[in-house]
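Please look over the model below. The report then takes it region by region.

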Amino acid sequence: MNQSAPIIVKVVVDRPLNDAFDYSWNSASLNAKPEIGMLVEVPFGRTNLVGLVIEVSSYTQINQTKLKNVLQVAPLIPLDSRLMQLGYFASQYYIHGLGETLISAIPKWWRTSTHWNKPLEQLIAKEKATAQSNSKKKIAQNQLNEEQTHAIQILSNHQAGTFNTYLLNGVTGSGKTAVYLTFIESLLKLDRGAQALIMLPEINLTPQLQRRIQEHFPEENLAILHSGLTEKQRGIAWHQAMTGAARIVLGTRLSIMTPLPKLVAIIVDEENDSSFKQQEGLGYSARDLAIWRAKNERLPIILVSATPSSQTWHAVKEGRYQEIRLTGRVGGFQSPSVELVSPDKSSGSITINSKMISALEDNLHKNRQSLILINRRGMAPVITCLSCGWLSECNNCSSYMVMHRQLGHFKSPMMCCHHCGQAKTIPQRCPLCGDTDLQPLGRGTQKIEDQLQTLFPEAKVLRVDADTARTSKKSDALFGEIHDGSAQIIVGTQMLAKGHDYQNIGLVCVLDADARLYSNDYMAPEHLFAQLVQVAGRAGRFSGEPTQILIETRYPNDPVYQYIKTFDLAGFMENLMLTRQEAGLPPFGYQALVHAEAKQRQEVLAWLNHTKEYLQSIADTQAGITIFDPVPKSIARLGGWERSQLLIESRQRGPLQALLSALDQYLRERSVGRISKISKVRWSIERDPLII
């Protein structure tokens, strides 16, 4: 570039826009030469925004005298080209702006330009992102069993600089974590600058695995990345990752967009978990992006699960992924026996199955812990009037307000909508008829906790759900009580079921399992089977004594329950694949949703019908594309907004992508951001939706 020529940079910002904006670069005043991937502050409208440089040139179509100047540069190394490539792919595939995609993945600390002048060394000294372990414990090779050793041998044969996707498919308690940590250890020994990324689906799994990693790698710097950290902590951890100071990064979904200059392997633990899919905004799948990133950077990626997702199972059967199986539990311990029990008829105030009560009593006498799973928090899912049938509906959403014995700082019983967050005191009289006989219907974690405390007054009953584990600190304390054995009966939601190495669980009871099975979600059987395998796996992990899981169901002949009785993963997946293939559902087809919302439902449906007409006019009929009629969402009203959606299905991924790209361009020409100019409908496009 001619030194006398002006320097123009194209910058993207975190706004719902596809455009990049031209700015003038003054190397003298900025004390830096422009580079792609730099984080900069720029004037934007009436405010200043942090943006990302995506191009450097001497040409602009805008009159140079009208160009605004870049104001300052973040004290960071530029994002590397491979991460920029990941951002471009995610932006195109998930139909999102590049600025929204890449900048939103940067910690807020670094997106706040007032922090750029603070000495980073002092910040790190004051508050490190991770506490270093003093443990010198190490998982030695001779502690691994024959299956684990064979698995590590397969992984060790991976040729450096090549891409491969491995499925580490092991029953719960088979030692999958030890396998991938030992593999990572071998890679880090080969290159002292090498880095590894380990991804988990949820925050509450992080502390346990963090301790495990620190015990295995006592000398290595570990960076933790999840939303439970303070912005400063996350900013420091992210900086350690991007500079190579952290050799191991442990994070949740968003960590896939972390810059890692010397990345040599990616691990996706519990790869089947739906939490890897972002539901709002950029609706990306972190697992799928991890596979794309590994392929682009020519790395091995290990997908880890006791119940692989249908997409992963299908890829293995097609030969695209290599499966490594661990069939036995470490120590030779047996999986729990499974028994299906029918719900009891109403027996007054106690709604827990009588067979479960007997099993709980027996388990307490053996000094073993019991785990009670119910996928509903609160006291009861709805309050009703016994006189007129009034139900506690939310006036903002098409859902019911849930009764809570306590809620946040409220000490008296409350009603809360779990969707919009509205909270109200429980009325003393029915709003319709004035009767005072209001009663809770159904049961949630709080109600079960109360009943258990009544049945077993001498036992320590612990509740673990989104209400009691609101913060990482509270979550750590609750799980600490489980691990140290002080809690004898633990009742909670699905957060209890995943990945925890409980020491003394002898009994697992699953209440109202059918509630998750029968719904409009075609993935419900797959999710329920995985959850039952996971929660069953919490029992008997460190004891040779027999353990038991009792599952409450009204439909014992459903395939999910029949296959779970023998933990027959292969049989269940083959049955599932046959059903999906007949229906043309993923992984045998591809889907997308057009989401829309407005204050009036007719405006939303009219807008979606117009969108359908446009799609039909450009769709390739030979590509097997089907465009369905607009329908209200399962929760049609949320926070006062009427919501509907349009489903698009295709036999092939390519034609669907082309259709969605054309639709995005068409809609943006008629919108400001993602709000239509005429009807003010808010809209978005989602690829590979989990919830339809």
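Helices (H or I, at least four residues) and strands (E, at least two residues) are DSSP runs, numbered from the N terminus. This is a predicted model: local features need pLDDT of at least 70, side-chain atom pairs count only at pLDDT 80 or more, and totals for chains, interfaces and linings use all residues. Residues are numbered from 1 along each chain as its sequence is written, and side-chain values use heavy atoms, with hydrogens and water left out.

**Helix α2**

Just after α2, I95 takes a positive phi of about 55°. The helix itself covers residues 81-93. How far apart are the end C-alpha atoms of α2? They are 18 Å apart, which agrees with the 18 Å that 13 residues should span at 1.5 Å a residue. That expected span is 1.5 Å times one less than the number of residues.

An α-helix has 3.6 residues a turn, so residues three or four places apart point the same way. The buried residues of α2 are L83, M84, L86, G87, A90, S91 and Y93. Here buried means under 20% relative accessible area, exposed means over 50%, and partly exposed lies in between (1.4 Å probe, protein chains only). The cover over these buried residues includes β4 (47-57), α3 (98-103), α9 (286-296), α19 (653-669) and β30 (682-687).

At the start of α2, a side-chain oxygen of D80 comes to within 3.0 Å of the backbone nitrogen of R82. A polar contact is a pair of N or O atoms within 3.5 Å; within protein, one must be able to donate a hydrogen and the other to accept it, and residues adjacent in sequence count only if both atoms are side-chain atoms.

**E100 in helix α3**

E100 lies in helix α3. Is E100 buried or exposed? Its relative accessible area is 10%, so E100 is buried. Its side chain makes a polar contact of 2.7 Å with the side chain of R674. Leaving aside neighbours within four places in sequence, E100 is in contact with V13, D14, R15, P16, L17, R668 and R674. E100 and V12 are 88 residues apart in sequence, yet their C-alpha atoms are 8.4 Å apart in space.

Two strands pair if DSSP finds at least two bridges between them.

| Strands | Sense | Bridges |
|---|---|---|
| β7 (195-199) and β9 | parallel | 4 bridges |
| β8 (222-225) and β9 | parallel | 4 bridges |
| β7 and β10 (263-269) | parallel | 5 bridges |

In β10, the bridge partner of L197 is I266.

Both faces of β9 (residues 248-251) are covered. I248 and L250 are buried on one side, V249 and G251 on the other. In β7, 5 of its 5 residues are buried. Q195, L197 and M199 take one side of β7, and A196 and I198 take the other.

β8, helix α8 (residues 231-243) and β9 make a right-handed β-α-β unit. Right-handed means that, with the strands pointing away from the viewer, the path from the first strand over the helix to the second runs clockwise.

**Two loop asparagines**

N353 is found in the loop between β13 (337-341) and α11 (354-365). At 2% relative accessibility, N353 counts as buried. Its side chain reaches the backbone nitrogen of K355 at 2.7 Å. Beyond four places in sequence, N353 is in contact with V341, S342, P343, D344 and E552.

N395 sits in the loop between β15 (382-385) and β16 (402-404). Beyond four places in sequence, N395 is in contact with Q422, K424 and R637. N395 and C417 are 22 residues apart in sequence and 9.5 Å apart in space, C-alpha to C-alpha.

**Cysteines**

A disulfide is a covalent bond between the sulfur atoms of two cysteines. The cut-off used here is a pair of cysteine sulfur atoms within 2.5 Å. The structure holds 0 disulfides. C385 is in no disulfide, and the nearest cysteine sulfur, that of C433, is 3.6 Å away. C385 counts as buried at 2% relative accessibility, whereas C433 is partly exposed, with a relative accessible area of 40%.

Technical notes
Contact means heavy atoms within 4.5 Å.
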